[in-house]
Amino acid sequence: MARTITIDPVTRIEGHAKITIQLNDEGMVEDARFHVTQYRGFEKLCEGRPFSEMPSLMARTCGICPVSHLLASSKACDALLAVRVPRTGQLLRRVLNLGQIVQSHALSFFHLSSPDFLLGMDAPPEKRNLFALVETHPTIARDGIALRKFGQQVIERLAGKRIHPAWCVPGGVSDPLDAESRDAILAEIPHAMAIATRTLEWYQKTFRQFAEEIATFANFPSLFMGLVDEDGNLEFTDGKVRVVDSAGNIIADQLDIADYQDFIGEAVEPYSYLKSPYYKPLGYPDGIYRVGPLARLNIADRCNTPRADEAWAEFRELDRRVVLSSFHYHYARLIEIIACLEQMEKILRDPDILDTHVRAHAEPNAFEGVGVSEAPRGMLIHHYRIDRNGLITWANLIIATGHNNLAMNRGVLQAAKHFVRGEKIEEGMLNRVEAVIRCYDPCLSCSTHAIGQMPLEVELMGPRGEILDRVRRD
Amino acid sequence: MKRILILGFGNPLRGDDGVGWYVATQLFERTGAWRCDVRTLHQLVPELADDLARYEVAVLIDASADQPAGSVRIRELGAEAPRTEEGAFSHHVGPRELLTLAATLYGHTPRTFLCTIGGADFGFTEQLSPSAQAGAQQAIRTLQALLALVAN
């Protein structure tokens with residue numbers, strides 16, 4: 001008899017979601033889906049608001065990556081103003097974004113995912129959480145806290161507060177950087193770099209023990225999409241769009257984000273509130289692509305900073321063309337932290353970084369604007385239309401997690417087919433299906449989920465929806 | 001003179017949930033020459049463990065939806081076994097978990113008091129309800145007296 005296994009909620013991600021696994025009459029996995037069960041509606045609630053409010057309003061989309069929304073929104077507003085942001089304003093926005101990526105990657109790697117690596121995928125939740133990690137691996141736990149704190153302090157020093165800062169504005173940033181803040185950040189970079197370096201070295205020695213997970217955690221051909229600079233280097237804040245196929249071929253390059261609707265389609269599935277974007281030239285769902293750390297390292301020709309380039313070259317040796325396993329998102333995050341720290345130091349030593357001309361002022365000069373930045377989890381697009389009074393008439397957001405939606409679904413199915421066996425539901429089996437999603441570090445909202453404390457409910461359902469069995473973990 | 005950290009947390013855009021911020025800032029202004037620092041934030045985060053371990057006394061101030069509106073509860077948090085009632089975090093922790101992190105990772109916890117004030121209205125407003133306001137005033141007076149006792 002066909003059955004459905006439901007994992008609800010998925011834990012240690014940002015937001016509300018569940019996974020269902022459909023078994024066939026033989027008890028084998030037939031289908032699996034990742035459902036986003038929460039609805040936010042930010043595109044609708046901002047209609048009628050002045051465009052100048054958008055950066056602050058959109059930053060409220062999330063408590064983990066408000067800076068990413070702030071940046072993408074400000075850049076969409078730059079397009080409405082049709083202004084060129086002063087160079088120092090651009091540089092300061094970059095530093096803000098780099099700090100954001102460092103703190104977010106540290107949260108994902110150390111707090112959310114390292115319990116899986118260090119305490120075992122088969123360990124019960126009460127023994128596979130950060131408190132257990134604190135007891136068994138205090139140095140790792142301290143490093144995670146220190147690195148996240150570093151990134152948060154960069155944001156605070158630039159923008160005045162860690163969560164929902166309003167410093168990034170249409171036309172640039174509201175205030176210049178002072179020498180004291182610059183020097184304080186520069187003084188902390190060596191410590192952050194030491195943490196990032198030793199963590200990467202440790203991870204490079206240990207990740208191969210997860211060969212089965214590497215082989216089965218969303219390890220499939222897909223496109224990869226993200227931003228690169230004009231020379232093809234790793235890019236987090238500006239740049240143009242590049243698309244690479246699973247053989248490593250660049251199939252589109254230097255695409256202007258203003259034209260995103262020409263190459264990105266947005267499908268909607270009835271089982272999820274999360275959109276399913278796809279690469280338009282290949283259609284739906286063949287146009288499946290991935291964004292985020294793994295994609296960025298796959299599409300770039302180099303990182304363009306020495307330490308990150310060294311690590312990147314070793315990373316790319318994992319596969320002959322591009323790295324396909326989503327398990328390597330974790331690895332990619334560590335390399336990106338190093339790249340961010342190197343880029344940050346370089347920018348902060350720029351002679352113009354303390355310049356006070358950081359914002360361009362103008363009235364709206366266009367009725368439509370698109371902004372893009374690389375959020376920690378991948379490319380983030382904000383698209384606004386305004387009326388003659390500067391009020392928002394229409395908005396569209398494509399967040400990184402949305403870009404990855406098709407890939408997450410396919411990854412869940414792949415892992416479920418490999419790890420889920422018939423009628424017996426084991427903890428480690430479900431942990432791995434969940435952990436596939438965690439590779440992508442999906443950010444569904446600013447909601448917080450807990451480890452162990454949050455219930456994990458597994459339901460076996462008959463073909464008419466009747467519950468045949470239920471396993472609950474409190 | 002001991003170093004004191006005053007931490008007010010909650011969401012000031014949600015009415016009485018912001019009472020921790022209000023009490024923390026008001027209390028800080030009345031601490032005079034004491035070696036006091038104040039922080040206001042939406043939630044307790046793991047990074048605070050490092051900060052907390054640098055102080056001798058800490059006061060954590062939060063709103064409560066569970067206790068009667070306007071009521072004030074102050075209790076000292078002792079060194080206890082790790083607890084995960086607020087969730088073994090993704091990006092936030094509870095007061096006891098924060099203390100556990102400070103003790104385990106940094107080898108020191110300050111003498112810590114948790115002050116909770118019952119709220120009545122957690123809707124979309126930046127104003128405190130009259131009962132939360134009354135509770136806030138009582139909390140400020142009591143905490144001021146408490147700090148006078150433990151600061152030296």
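This text walks through a predicted model, from its confidence to strands and then aromatic rings. Residues count from 1 along each chain as its sequence is written, and chains are lettered from A, ligands numbered from 1, in the order in which they are written. Local features need pLDDT of at least 70 and side-chain atom pairs 80 or more, while totals for chains, interfaces and linings use all residues; side-chain values use heavy atoms, without hydrogens and water.

Start with confidence in chain B. pLDDT is the predictor's confidence in each residue, from 0 to 100. Chain B averages 89, and 91% of its residues score at least 70. Residues 84–89 of chain B stay under 50. For that stretch the model has 25 contacts (heavy atoms within 4.5 Å) beyond four places in sequence.

Now turn to chain A and its strand 7, residues 240–244. Helices (H or I, at least four residues) and strands (E, at least two) are DSSP runs, numbered from the N terminus. Four of the five residues in strand 7 are buried. Buried means under 20% relative accessible area, exposed over 50%, and partly exposed in between (1.4 Å probe, protein chains only).

Strand 7 of chain A has neighbours to follow. Two strands pair if DSSP finds at least two bridges between them. Strand 6 (residues 223–228) of chain A pairs antiparallel with strand 7 of chain A over five bridges. In this pairing, A:Phe224 has A:Val244 as its bridge partner. Strand 8 (residues 250–255) of chain A also runs antiparallel to strand 7 of chain A, joined by three bridges. Here A:Val241 stands opposite A:Leu255. Five residues lie between strands 7 and 8 of chain A in their hairpin, where A:Gly248 takes a positive phi near 90°.

Next come the rings. Rings of Phe, Tyr and Trp (its six-membered ring) pair if their centres lie within 6.5 Å; planes under 30 degrees apart are stacked, over 60 edge-to-face, the rest tilted. There are 16 aromatic pairs over all chains. One of them is A:Phe109 with A:Trp202, edge-to-face at 6.3 Å and 80°. This pair links helix 4 (residues 87–119) and helix 7 (residues 179–206) of chain A, 93 residues apart. A:Phe109 is buried at 0%; A:Trp202 is partly exposed at 22%.

Why is the pair of A:Phe210 and A:Phe327 tilted? Their planes meet at 35°, with centres 5.6 Å apart, so the pair is tilted. Both residues sit in loops, and the pair ties together parts 117 residues apart in sequence. A:Phe210 is buried at 8%, and A:Phe327 at 0%.
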